[in-house]
Amino acid sequence: MEADKFTQTIHLAMVLTAALGVQLAISHGELGFWWQWLELAVVAAAAWLCARYLRPSDAIRDPRVLGLLIAVVAGHFALEQVLYHTLPRAGQLFEGQVSLALRNLMIASLPFRSERRIANLATLISLALMAVSVFMSVYWSVTICGIVYAVLGVGWLVTSYWNRISGRFPEGTKSEIPRGAVGLAFCLAVSLAAAAIGIAGTNHATRALAGFMPSSGGNRVSDVRSQGGVGDGDDLVQGTKDAMSFGPTESEVFLESRMPSLFDVFDDTYDAPVIKNKTLQKAVSLPPSKLEHRHSRVATTKSKGNDFSLLRKNEARRQKSLDDKKSPALFYVKGRVPLHLRTTIYDQFDGVNLRAAESHDEPPVKLIKEDGVPWYNISCPLSEGAIHSTEEHLLKFINLKTDRIPSPPRLARFQIKDVDREDMFGLAADGHPRITVDFIPQLTVMRVQSFLVSSPTLLSDSTTSKLQQSISLPDQHSSVPRIREYAQQITAGLEPGWQQIAAVRDHLRSEYAHAPDSQLSEDIEFPVETFLFDTKQGPDYLFATATSLLLRELGYTSRVVSGFYADPQNFDSGTWQTPIGKEDVHFWVEVSWDGKVWHPVEPTPGYELLAPRLNPWQRIQAACVATGQWCVSNWIPLTVIASLVVIVYLAFARLADVVFRLANRYARFGSDRNRILWTARLLQWRARIQGHRRPPGKTFARWIQESCQPISHDFIAATNWAFYSPTLSCPISRIEIDRVCNEAFSSFFHSPPPKSPASASKELS
């Protein structure tokens, strides 16, 4: 009945909403991995095919249906074991495995929901999954799913009750379900819920369960899949936006670890610097606005700890693997990666040493409160039109001793929850944000927000005009003629602006090799020239310094910065965290046209800048471009595969005949009835491939007699017995069955295809 279909539609929407909710919950508000959706599609397709072709009369008692339901549950646990041994971080702990297995069971039961008990099973599972999803997460998308599910559930209860009492109405009474009223109530409820969320937000009391439901691993058994390991898990607590306390307890990690200082980390990674007593004849200052000679610069330099020499001693690396529990990550980054985190600014270069700035003109850090929450604003005067989006990250400090705040490019503001003292933060001598105590305390969680600028904005006419106005060429005393000529050669024919900056960057990324372990000779006077014109390979600090000098020779204001790089290869999809270790220290370049807003430039191959999020249309375009590039790079195997596909398509009928012959002759059948039915089924499949499907309502015996001439009467008798006489014995002996089936099969294959009714009437006319 129509009311039944409407009720089933609401029930289907409930189940799908619950499936989406649990997927969003286990994926931290995101859609998750592609293979999770592929698994869901395979389960749905298997269930649909089972319902389509098996057509069980009593699904709850049919062993084939029960086998399917058991298989989809057991299959997920088997898949989790495969993930555990291949991609441990992509797997789920027991709670997540049970949730996804129940989701598979719920989806697999949908095609059989005409059976009341199976429909009730799917409903109960959907209710349990939706409740768990809402309680295990604080993401607004899951909250919306919970609201939609609640409204659908009320509608399903109403329509189900209406169906039960519809037969009790007086004769002549209209008993249709008021679908318009149900739809209006649904839209009104969703609108009110969305408005409530917009006013109150998604912070609710159930957020306390966020660290409990995904299993913290606190069972004295370590598991790499742990998403919130406050006990014995391998991870730190997940730490949502409002969960600011985290860190391992009952652990010897911090008792045995000596916190390295920021400069110790750099020396451990790049080896100790070479101390040269020789005085160079000439040096350069990176920003053109601060040109001065080396002798005066060295005389005023007092912050020796902030210097970085391009010549390093070739010593054995002392860093330890992040997998070693005695050497944990320095800190964690939660959010999108890759991410550059600046800690030190170098604006002077004497040919060998990068020197940090000793003064700045930046405005002080300003404390403001937004909805009662303290924020520390950093001056980043970008216009509204230049800002593509605002990106937020969480920094979780574990084992790093520094007063510097690791800052993403174009830092706008930061906060430590409940810290509202303006004298707690300030700017270092080089203008970098810092905390006014000796170092950031362990287990501190800091939220940072930064601005992202898109590539089209940097290439726009407005940005080009600003860059052109800021160009200031170095004088003859501070310029390096060979590097200037090289920079002009790289940018020949390009308009001054970001095009030239990008050309210098792309030239180094494509023509030079990143060799982190390579070391220059201690006798080299000017390492950058040796790198650019001789070796053409080296560590990242040579890439950064060379890029800055090339841009300086073109007149652009640039500086070298150092910090950390959050590598996407270390990204943990289960917790959205990226560990930062000693090997993640990095150098890159920043460019500015006003000295206030500095834009990052990444010249080192293998490192990427964080790009703004793409809208759906841009994602489709990027996917198409990536697919096209992949096809171009793999054109040989694709051509071979395409040729094979064409051959298979053209010879499909012949190949199918070969398969059918082998299946009819060598398949195992069990009983005589199964042997005869198997041949009949193969004949129908072969006719369907050729486009001559048996019409509904026509018996197999009549159809095979019309399609195949001649056909054995023994085969007709055997098929009639197999289809319609389950209690009688077979009219032919067991020895003759194989011969009769094989002869009928061969006769059918050699018979011409039956003529369609249209062609037959045309011939008669």
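The model is predicted, so local features are taken only where pLDDT is at least 70 and side-chain atom pairs only at pLDDT 80 or more, while totals for chains, interfaces and linings use all residues. Residues are numbered from 1 along each chain as its sequence is written, and side-chain values use heavy atoms, with hydrogens and water left out.

**The sheet**

Begin by selecting the seven strands of an open sheet, which follow the order β6-β7-β9-β12-β8-β3-β16 with antiparallel pairing; strands here are DSSP runs of E with at least two residues, helices are runs of H or I with at least four, and both are numbered from the N terminus, while two strands pair if DSSP finds at least two bridges between them. Colour β6 (366-370) and β16 (577-580), which stand at the edges with a single partner strand each, so one side of each is left without a neighbour in the sheet. Next, select β3 (residues 331-334), which is joined to β16 by four bridges, and look for tyrosine 332, whose bridge partner in β16 is proline 579.

**Charged pairs**

Now show the side chains of arginine 336 and glutamate 391, which form a salt bridge (a side-chain nitrogen of Lys or Arg within 4 Å of a carboxyl oxygen of Asp or Glu) with the closest N and O atoms 2.8 Å apart. This pair links distant parts of the chain, since arginine 336 lies in the loop between β3 and β4 (339-349) and glutamate 391 in strand β8 (residues 389-397), 55 residues apart. Both arginine 336 and glutamate 391 are buried, where buried means under 20% relative accessible area, exposed over 50%, and partly exposed in between, using a 1.4 Å probe and protein chains only.

Move on to lysine 369 and aspartate 420, another salt bridge, whose closest N and O atoms are 3.4 Å apart. Here lysine 369 counts as exposed at 54% relative accessibility, whereas aspartate 420 is partly exposed at 37%.

**Helix α12**

Finally, select helix α12 (residues 461-470) and highlight its buried residues, which are Thr463, Thr464, Leu467 and Ser470. Seen down the axis of α12, these residues fall within an arc of 130°, so they line one face of the helix; the arc is that of the directions from the helix axis to the C-beta atoms. Then turn to the face away from the buried side, where the exposed residues Asp461 and Gln469 are found.
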